[in-house]
Amino acid sequence: MRSRYSAFALGLSDYLLATWHSSTRPVELAPDPATEWKRLVIVNAEPALEESGQVHFQAFFFEHAHGRKRWHVLEEVSRFVKEQQRWRYVDGTTSLTRLKPGRNDLCLCGSGRKLKVCCGE
């Protein structure tokens with residue numbers, strides 16, 4: 001899961017497609033240049049059975065829209081299965097929430113600093 005998050009953050013579409021299960025893999029995956037991934041939190045990872053497993057995560061990001069940064073959190077319970085002796089992403093149950101942090105709130109990137117001096121406007 002962490003490697004797939006890093007691939008999203010770096011725009012590595014080829015890696016994402018290579019780690020996607022063949023039964024659900026899209027034909028192509030275009031990176032979104034307006035999205036900047038900032039933090040991954042693993043909420044829970046169920047112990048993997050021989051051939052399947054789940055990971056519950058939250059991924060914090062912002063989008064550049066109309067000259068402003070709009071923060072969101074993507075929460076997902078992802079399902080993985082083994083294919084050719086490697087773990088592959090199959091699908092997930094997701095929710096997307098828009099966040100409205102204040103300038104003096106802690107930054108959502110996890111740095112421990114205030115938003116206004118870290119990832120703020």
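Arg4 lies over the face of Trp20, at 5.0 Å from the ring centre (NZ of Lys or CZ of Arg within 6 Å of the centre and within 35 degrees of the ring normal). This is a predicted model, in which local features need pLDDT of at least 70, side-chain atom pairs count only at pLDDT 80 or more, and totals for chains, interfaces and linings use all residues. Residues are numbered from 1 along each chain as its sequence is written, and side-chain values use heavy atoms, leaving out hydrogens and water.

**Aromatic pairs**

- The structure holds 6 aromatic pairs (Phe, Tyr and six-membered Trp rings with centres within 6.5 Å; planes under 30 degrees apart are stacked, over 60 edge-to-face, the rest tilted).
- Trp20 and Tyr89 form an edge-to-face pair, because their ring centres are 5.2 Å apart and their planes lie at 85 degrees.
- Trp20 sits in the loop between α2 (13-18) and β1 (35-45) and Tyr89 in strand β4, so their pair ties together parts 69 residues apart in sequence.
- Trp20 is buried at 12% relative accessible area, and Tyr89 is buried at 10% (buried is under 20%, exposed over 50%, partly exposed in between, with a 1.4 Å probe and protein chains only).
- Tyr5, Phe8, Trp37 and Phe61 form one aromatic cluster.

**Hairpins**

- Strands β2 (residues 52-65) and β3 (residues 68-83) run antiparallel, joined by 14 bridges (strands are DSSP E runs of at least two residues, helices H or I runs of at least four, numbered from the N terminus; two strands pair with at least two DSSP bridges).
- Their hairpin has 2 residues between the strands, and His66 takes a positive phi near 55 degrees.
- β3 also joins β4 (residues 86-98) antiparallel, through 12 bridges; Glu76 has Thr94 as its bridge partner in β4.
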